[in-house]
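Biologist: Please show the structure, and let us go through it in questions and answers.

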Amino acid sequence: MMDDEMTRDEHTGPVDPPEALRVLDDVVAPDRLRLALADRVADARRAPARERRLPGRLRGVLAAAGAVAAVLVVLGLFANRILDDGSPPPSVRAVAPLALRAATAPAPAARPGGELLAARSGPIAFPAWTRVGWRAVGARRDTVGGHDVRTVFYLDAAGQRIGYAIADGRLPVAGGQLVTRRGAQLRVLARGATSVVTWRRDGRTCILAGRGVPVERLLTLASYAA
Amino acid sequence: MARLDPQALVSHLDRLYRVAWALCGSREEAEDLVQETAARVLAKPRQLYGQDELAYLVRALRNTFLLARRTRARRPHEVATLERVEPPEWRGAGLPEAALEARQLFEAIAVLPDDFRQALVAVDVAGLSYREAAELLDTREATIASRLFRARERVVQTLAPHTGPREANAPARSLR
């Protein structure tokens, strides 16, 4: 009897999934992804409005709708911050893996002069580092515990890859080793083949990380950026 | 011709995230996959061509996944080694064992043979109809039904390796 049912199940119409699979229905996307996506959607809604030549009245309506959407996003973020109130900010160790992840956006272009890229986190512009043997190859943007984290990835001629992440805020960091290079106070964290150098600048937390990259190379780059 | 509302990405985010996780087998790669898909979809206005929004987005996600897989095969795999060990984000409260079960379930789905996994992800994770899944995977509904049956069977067996075959095959049996 059971075999008959299984045969029908296999070859005919839809049946409900096994109960074991229903556990997936309760898995939700993390907040950082939700916020990043809301940002992308808001950007996408603004871009066509700028590019198309719409009648003035329609343009006004769209601008108002965009403003309302932006206010809603800000209110949503604010509400999220309020709901998160009391939870500790993410640590450097929690954010550092982002600097080792894959890029989700193309590399930012170099700005005139070639020293800096057209990407920044608040007042800090990302360096180009081409003169010291690295080139930007990608970027990503995340939100972790309500903190905006921007990352640029670099590759050297030997194919080694590093990520430079800047979080908007002073993230707690514990352990590691304090090192001074060219007057900059840096902290080195390491686990296995992964090296992380972190420092503070302009009220932000900077994180430089790489796998299989000597700590000294990271320290040298960090001393340029700190 | 109906256009895709960009807001659909936000509306269907949880489902897309689950689909991405089931395809990749890793929550970190799933986040990246959803972001890459969003970037591609939002790059220009998209026509739905009669498709449901969800079906369109699942197709875009799958295409991005296949593209990324081909690209990744040509370069060294990057792993975040300072990984935090976190349970999945969870809608319910106080159910760590259920969160763990979800993680194991995603892992079990990720190791299915490709055809089986794609059918199960399309129907059971994305929530597409058999017809939509057949269109997405360019096959017949009967094939979807057959692959889905076998995929479910394997997942249940993977999660309950010590269960006897007849019991493990029961389609609606809870593992909890």
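Modeller: Two definitions come first: two strands pair if DSSP finds at least two bridges between them, and helices (H or I, at least four residues) and strands (E, at least two) are DSSP runs, numbered from the N terminus. This is a predicted model, in which local features need pLDDT of at least 70 and side-chain atom pairs count only at pLDDT 80 or more, while totals for chains, interfaces and linings use all residues. Residues are numbered from 1 along each chain as its sequence is written, and chains are lettered from A and ligands numbered from 1 in the order in which they are written.

Biologist: Which residue in S9(A) is the bridge partner of Tyr164(A)?

Modeller: Strand S5 (residues 161-167) of chain A is joined to S9(A) by 6 bridges, and the two run antiparallel. In S9(A), Tyr164(A) has as its bridge partner Leu208(A).

Biologist: Which residue in the turn of the hairpin of S8(A) and S9(A) has a positive phi?

Modeller: Strand S8 (residues 194-201) of chain A runs antiparallel to S9(A), with 8 bridges between them. The two strands form a hairpin with 2 residues between them, and a positive phi of about 50° belongs to a residue in the turn, Asp202(A).

Biologist: How many residues of strand S9 of chain A are buried?

Modeller: A residue is buried if 20 or more other C-beta atoms lie within 10 Å of its own, exposed if 12 or fewer, and partly exposed in between; C-beta atoms are placed from the backbone. Strand S9 (residues 204-211) of chain A is mostly covered, and the buried count among its 8 residues is 7.

Biologist: Why does the end-to-end distance of H3(B) agree with its 16 residues?

Modeller: The expected span of a helix is 1.5 Å times one less than its number of residues. For the 16 residues of H3(B) this should be 22 Å, so there is agreement with its end C-alpha atoms, which are apart by 22 Å.
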